[in-house]
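Biologist: I am new to this one. Please show it to me, and then let us take it piece by piece.

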Amino acid sequence: MAENILEISGLNKRYGNIQAVNDLELKVEKGTVFGLLGPNGSGKSTTLGILLGVVQKDSGMFKWFGEEPTAAQRRRLGAILESPTFYPYLSGIQNLKIVCKIKKVSDSRIMEVLEQVGLAQRAKSPFKTYSLGMKQRLAIASALLSDPEVLILDEPTNGLDPQGIAEIRELIVNIAEQGKTIILASHLLDEVQKVCTHFAVLKQGEKIFQGTVAESLMGNEGVELLAEDLETLKSVVGSFPSFVDMKLNNLGRLEVQLSNESPIQEFHRFLIDKGVVLTHLAYINKSLEKQFLQLLSAES
Ligand SMILES: Nc1ncnc2c1ncn2[C@@H]1O[C@H](COP(=O)(O)OP(=O)(O)OP(=O)(O)O)[C@@H](O)[C@H]1O
């Protein structure tokens, strides 16, 4: 059975009349990229703060590596909760040397972590010459200095341009492939879908879903079709026994929902038998977004 690196049970935190974390139960397996997904104010940062010992919990418990939290265990965790401040005129190496002094960790891994985040070539350039993505990569490098087993990131792509976002997502996947467990908070479904293996959805401090990304994306949500004669296509599609619904999308293609019992080949054969020649046929992939919105609205 997979080893749990983190177990949270009955965790609570209240700020005045706001229940920021509400009876939270969560397990994170070793080697996963775990996404804590939820809208703004759903308690993600508070939860990470408690797990890192910077926010006091009201009640409940959590275990890192199967044990009650201790200072020694915390050294096995690397985290970026807020963007660290780096000196603009100092290089990547010089900035990391300062981080090592503050964190009281050896500076022997500086080049290794710069290599790991793809900054080795720019190690000697001043921080102020870095792109947004490079600045965030340096932040991640600083969290990796102590060679932690778990890397914890709060909204790692916040404020980045598309290029920076792509760089950071790729880096997170690379770090995970090197065997580290990653826990990241994000309000971006797309991010969780692209980067995480497992995720939990929080709403007003409560966990309303936990599962794997792969299972959540399994299957499809119908097919997208186009034929030269759209009106004939619509009428033939509507007469297929497992037809459920259809609508024209913004690309002028027909999105068709079928009930699960018919394989797509059967549907295709039916169209051919009825003399419909398709110019386009594609699956509509499931997205987490739709499910996330359904989850949030179902719970309210
Ligand atoms: N120090 C604090 N004092 C008072 N209320 C707080 C404090 N920190 C968080 N909260 C409140 O607790 C709730 C959860 O906030 P939290 O920052 O944990 O959510 P989040 O999911 O991380 O949201 P965001 O993505 O906006 O950071 C919010 O309603 C927030 O306003």
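Biologist: Where is serine 42 found?
Modeller: Bear in mind that this is a predicted model. Look past strand S3, towards helix H1 (44-51). Serine 42 is in the loop between S3 and H1.

Biologist: Is serine 42 buried or exposed?
Modeller: Buried means under 20% relative accessible area. Serine 42 has 1% relative accessibility, so serine 42 counts as buried.

Biologist: Which residues does serine 42 touch, not counting residues up to four places away in sequence?
Modeller: Leave out the residues up to four places away in sequence. What remains is Ala20, Leu202, Lys203, Gln204 and Gly205.

Biologist: Is alanine 227 buried or exposed?
Modeller: The cut-off for buried is under 20%. Alanine 227 has a relative accessible area of 8%, so alanine 227 is buried.

Biologist: What span should helix H6 have at 1.5 Å a residue, and how far apart are its end C-alpha atoms?
Modeller: H6 covers residues 162-177, which is 16 residues. The expected span takes one less than the number of residues. At 1.5 Å a residue, H6 should therefore span 22 Å. That agrees with its end C-alpha atoms, which are 23 Å apart.

Biologist: Which elements do the buried residues of H6 pack against?
Modeller: The buried residues of H6 include Gly164, Glu167, Arg169 and Leu171. Their partners are both strands and helices. The strands are S3 (33-37), S6 (150-154) and S7 (181-186). The helices are H4 (110-116), H5 (132-144) and H7 (189-195).

Biologist: Which glycine just after H6 takes a positive phi?
Modeller: Step just past the end of H6. The phi there is about 100 degrees. The residue is glycine 179.

Biologist: Is glutamate 155 buried or exposed?
Modeller: Glutamate 155 lies in the loop between S6 and H6. Its phi is near 45 degrees, a positive value in a residue other than glycine. Its relative accessible area is 13%, and the cut-off for buried is under 20%. So glutamate 155 is buried.

Biologist: What is the relative accessible area of aspartate 23?
Modeller: Aspartate 23 is placed in strand S2 (residues 18-29). Its phi is positive too, near 50 degrees. Partly exposed runs between the buried limit of 20% and the exposed limit of 50%. Aspartate 23 is partly exposed because its relative accessible area is 47%.

Biologist: Now the whole chain. How many helices and strands does the chain have, and what share of its residues count as buried?
Modeller: The chain has 11 helices and 13 strands. Its C-alpha atoms fill a box of roughly 75 × 45 × 40 Å along the principal axes. Of the 300 residues, the share that count as buried is 45%.

Biologist: How far apart do the centres of the positive and negative side chains lie?
Modeller: There are 32 positive and 36 negative side chains.

Biologist: What pLDDT does the chain average?
Modeller: Of the residues, 97% score at least 70. The predictor also gives the complex an ipTM of 0.95 and a pTM of 0.81. The average pLDDT of the chain is 90.

Note on methods
Residues numbered from 1 in each chain as written. Predicted model: local features only at pLDDT ≥ 70, side-chain atom pairs only at ≥ 80, totals over all residues. Heavy atoms only, no water. Helix = DSSP H or I, 4+ residues; strand = E, 2+ residues; numbered from the N terminus. Buried < 20%, exposed > 50% of the residue type's maximum accessible area, 1.4 Å probe, protein only. Lys, Arg positive; Asp, Glu negative; His and termini not counted. Charge placed at Lys NZ, Arg CZ, Asp CG, Glu CD. Contact = heavy atoms within 4.5 Å. pLDDT = per-residue confidence, 0-100.
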